[in-house]
Amino acid sequence: METLGFLIDGFGVALAPHNLMFALLGAFLGTLIGALPGLGPANGVAILIPLAFTLGLAPETALIMLTSVYAGAMYGGRISSILLNIPGDEPAMMTCLDGYPMAQQGKAAEALAISAVASFIGSLVATVGLILLAPVLAKFALTFGPAEYFALFLLAFATLGGITGKNPMKTVVAACIGLMIATVGIDNTGVQRYTFGVLELYEGVDFIIAIVGLFAISELLFFIEEKAGGGKEKMTVNKLSLKWADIRNILPSSLRGGVLGFIAGVLPGAGASLGSFIGYTLEKKVVGKKGYFGQGDPRGVAGPEAGNNGASSGALVPMLTLGVPGSGTTAVLLALLISLNITPGPLMFTQNADIVWGVIAALLIGNFLLLLLNIPLVGIFVKLLSVPPMFLLPIVTMIAFVGIYSISNTTFDLYFMVAFGVAGYIFRKLEIPLVPVILGLLLGPEMEKNLRHAMDISDGDWTILWDSGLAIGLWVFAGLGLILPYIVGPLLRRRMKVNTGTGGPEGD
């Protein structure tokens with residue numbers, strides 16, 4: 001009953017006219033960004049964070065808008081998958097298998113509608129799971145001490161590469177780079193570290209600047225190098241003729257995919273790519289010889305779409321309750337929370353209950369908004385996708401520069417953002433993932449603070465770090481997180497390659 005009361009209060013926040021307007025805007029922009037091949041939700045949220053600062057949005061409004069962008073991007077990834085056989089992001093890869101054959105058969109509108117309905121069901125199932133599980137996990141997290149939190153952060157880094165990651169060692173290197181950047185500034189004892197006399201570095205590196213640089217600016221550089229100047233292939237959508245029988249046919253697949261996706265999202269290091277993959281694989285096993293997967297079976301569209309959207313909501317559970325992101329996009333959202341002076345974790349459910357429940361309620365509302373947007377307005381999204389990058393680039397660049405300048409009103413931050421953009425471009429060329437860098441920068445200060453606190457309590461005795469059963473369990477899971485990618489990862493990626501004809505995805 002207590003949870004229901006908080007949720008009702010959350011609806012009061014989410015249904016405020018200005019919050020509803022920004023939820024709609026976020027859903028629209030997110031769908032468009034998700035449909036652009038290669039961008040994905042993490043880049044989309046990172047690109048639009050400066051917009052939230054430029055508009056001077058209240059914390060709950062900014063979070064509602066960017067969470068809607070996240071949900072919308074997960075929806076939008078299916079558009080280019082179905083129409084062009086090009087995944088909008090990695091989790092949408094499995095949608096290509098049956099979505100594109102449906103489009104080739106003149107059923108593009110039906111495939112897009114089925115994927116929208118499946119995304120809605122999967123996300124709705126997972127949001128209900130978030131409502132039920134998050135308060136329980138938040139109460140459990142209140143029992144954590146500094147040693148347990150240190151082990152939890154270690155677990156987050158150990159599992160960040162996930163079992164679908166291509167090179168776990170590069171993930172470790174990226175996390176170490178992030179932790180190194182996190183040490184810049186004045187520590188809690190008043191000692192300057194790696195400031196080199198630069199006054200702007202005394203307070204450390206602003207993670208919003210780092211995120212916008214690493215994601216948005218590096219993406220712009222990739223656009224300039226690979227995509228600028230060329231218009232996209234013209235996309236056509238037939239007249240929609242979806243019947244209730246078609247929806248009834250995909251309903252079990254969507255429910256199964258939503259549950260599996262939610263579990264994959266909550267698990268550290270799994271993410272939407274795994275949710276999409278197991279959603280598709282399960283449908284092939286359940287349907288068996290009665291299906292025609294790979295040839296345009298609607299259930300082959302519904303399963304993975306429900307799975308990846310379920311995982312996106314599931315990944316919010318560890319971020320909100322423990323302060324540990326469950327995916328790349330939630331790492332970006334975590335940075336936004338910290339920049340707004342909101343401490344994610346179990347205390348957030350009491351100290352900032354209006355914000356956290358407002359965001360959860362907005363997720364429920366956003367699902368309905370996205371369903372209403374994605375079925376009747378899909379033709380508009382398709383037409384917008386034909387806009388050449390040469391027109392999109394100046395808009396994205398303007399948002400990034402104006403947004404960052406509005407935070408501190410110093411040109412130093414603009415140069416710093418560009419420097420991070422160049423670094424992000426180089427990292428991506430070397431196939432070093434960006435999310436671990438951000439996570440190291442975000443969690444590094446808290447990880448250090450908890451380590452110092454644990455050492456103070458134990459008078460320098462290191463055994464306190466594994467002195468409780470909970471801490472030992474977290475250390476064990478962290479060890480498994482480092483080992484399993486080398487054992488399970490190659491097998492899973494091989495199966496993904498067999499199914500898709502390409503390499504396995506790395507996550508959202």
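Let's start at Leu55, which sits in the loop between helix 3 (40-54) and helix 4 (59-84). Helices here are DSSP runs of H or I with at least four residues, and strands are runs of E with at least two, numbered from the N terminus. Leu55 has 45% relative accessibility, so it counts as partly exposed. On that scale, buried is under 20% relative accessible area, exposed is over 50%, and partly exposed lies in between, with a 1.4 Å probe and protein chains only. Now look across to Ser406. In sequence, Leu55 and Ser406 are 351 residues apart. In space, their C-alpha atoms are 9.3 Å apart.

A word on the source. This is a predicted model, where local features need pLDDT of at least 70, side-chain atom pairs count only at pLDDT 80 or more, and totals for chains, interfaces and linings use all residues. Residues are numbered from 1 along each chain as its sequence is written, and side-chain values use heavy atoms, with hydrogens and water left out.

How confident is the predictor? The pLDDT, its confidence in each residue from 0 to 100, averages 80 over the protein chain. At least 70 is reached by 84% of the residues. Among the elements, helix 19 (residues 411-429) has the highest mean, 89. Helix 17 (residues 378-384) has the lowest, 67. Two stretches to flag. Residues 228-232 fall below 50, with nine contacts in the model beyond near neighbours in sequence. Residues 502-507 are also below 50, and there the count is 19 contacts. Contact means heavy atoms within 4.5 Å. Where pLDDT is low, the predicted coordinates should not be read in detail.

Next, the inside. A nonpolar core is a set of buried Ala, Val, Leu, Ile, Met, Phe, Trp, Tyr and Cys residues, joined through side-chain atoms within 4.5 Å. The largest one has 112 residues. Which members touch the most others? Leu66, Phe215 and Leu320. Helix 16 (residues 353-374) gives this core its largest share, twelve residues. A second, separate core has 22 residues, including Ile79 and Val117.

Back to Phe215. Beyond four places in sequence, its contacts include Ala42, Val332, Arg428 and Ile438.

Last, two loop residues. Asn341 lies between helix 14 (328-339) and helix 15 (348-351). Its phi is near 60 degrees, a positive value in a residue other than glycine. Asn341 is exposed, because its relative accessibility is 72%. Glu431 lies between helix 19 and helix 20 (435-458). The phi of Glu431 is near 60 degrees too. With a relative accessible area of 60%, Glu431 is exposed.

How values were computed:
pLDDT = per-residue confidence, 0-100.
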